[in-house]
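Student: I would like to go through some of the terms used for this model and see what stands behind each.
Tutor: Here is the structure; ask as we go.

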Amino acid sequence: PFSVSKKDCLNRIKESGIVGMGGASFPTHVKLNPPEEKIIDYVLINAAECEPYLTCDERTLLETPQKVIDGLAIVMHIINKRKSPDANNSEEKARGLIVLEDNKAYLLPLLQKEIAKEGYEAFMSGCLVKTKYPQGSEKFIVSSCLGVEIPSAKLPADAGCIVMNCTSLAVLYNYITTGMPLVEKCITVDGSSVAQPQNVIAPVGTPIKYLF
């Protein structure tokens with residue numbers, strides 16, 4: 001992914017079928033290709049599962065932090081195809097922030113260790129926000145992390161941001177390194193009527209009754 005053009009990389013991501021894994025299912029290749037006039041300063045990785053039961057993203061970060069970190073490095077490589085407007089025209093890179101609610105603060109040292117191991121400290125770090133609903137909404141994430149309010153009918157790109165789900169990065173890493181497209185999803189099956197609450201990894205198209 002670091003040796004091909006931005007166009008080729010986006011085409012490969014399109015072919016993989018990768019979409020946002022947080023629920024909205026927005027195509028990843030579209031999200032990573034904002035209009036040329038939109039200067040992206042931050043890539044915010046959304047790991048703020050604000051709904052009371054969900055733990056899919058938490059398990060992704062706990063079990064496969066390296067996949068998330070390297071997936072983010074690939075995304076940053078795609079995004080950082082621009083030059084700063086300063087006099088010497090030096091390259092100005094966007095920054096990646098992995099956003100966690102503070103009830104999952106125990107994951108932060110794990111992520112920072114992985115970032116340091118891969119040598120990505122210069123453009124990547126973790127970020128803690130308050131645990132509250134609906135913190136996982138992308139406009140709330142931008143406001144909580146950067147103090148920037150996105151106006152109604154505008155998108156994060158209008159505020160210089162791209163917001164992605166952390167599990168989407170792990171799926172992207174899997175595809176780039178193995179060729180396996182998006183064929184499965186982690187789903188939390190939980191609640192007071194569930195005898196054995198758990199996360200299950202199910203093939204796309206699995207009927208809900210089988211999950212229960």
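Tutor: The buried residues of α7 pack against α1 (6-16), β1 (42-46), α3 (56-63), α4 and β4 (161-165). This is a predicted model, in which local features need pLDDT of at least 70 and side-chain atom pairs pLDDT 80 or more, while totals for chains, interfaces and linings use all residues. Residues are numbered from 1 along each chain as its sequence is written, and side-chain values use heavy atoms, with hydrogens and water left out.

Student: Which residues of α7 are buried?
Tutor: Cys 166, Thr 167, Ser 168, Leu 169, Ala 170, Val 171, Leu 172, Tyr 173 and Tyr 175 are. Buried means under 20% relative accessible area, exposed over 50% and partly exposed in between, with a 1.4 Å probe and protein chains only.

Student: Why are α4 and α7 called roughly perpendicular?
Tutor: Helix α4 (residues 65-79) and helix α7 (residues 166-178) pack at about 80 degrees, their axes 7 Å apart. Axes are lines fitted to C-alpha atoms, for helices over the stretch in contact, and angles run from 0 to 180 degrees between N-to-C directions. Under 35 degrees counts as roughly parallel, over 145 as roughly antiparallel, 65 to 115 as roughly perpendicular and the rest as oblique. The pair α4 and α7 is therefore roughly perpendicular.

Student: What makes the pair Tyr 120 and Phe 123 tilted?
Tutor: Rings of Phe, Tyr and Trp (its six-membered ring) pair if their centres lie within 6.5 Å; planes under 30 degrees apart are stacked, over 60 edge-to-face and the rest tilted. The centres of Tyr 120 and Phe 123 are 5.4 Å apart and their planes at 50 degrees, so the pair is tilted. By this rule the count is one aromatic pair. Tyr 120 and Phe 123 are both buried.

Student: Why is Glu 149 called exposed?
Tutor: Glu 149 has a relative accessible area of 71%, so it is exposed. Glu 149 lies in the loop between α6 (138-146) and β4.

Student: Is Asn 165 buried or exposed?
Tutor: Asn 165 has a relative accessible area of 10%, so it is buried. Asn 165 belongs to strand β4. Contact means heavy atoms within 4.5 Å; leaving aside neighbours within four places in sequence, Asn 165 is in contact with Met 21, Gly 22, Ile 45, Asn 46 and Asp 57.

Technical notes:
Helix = DSSP H or I, 4+ residues; strand = E, 2+ residues; numbered from the N terminus.
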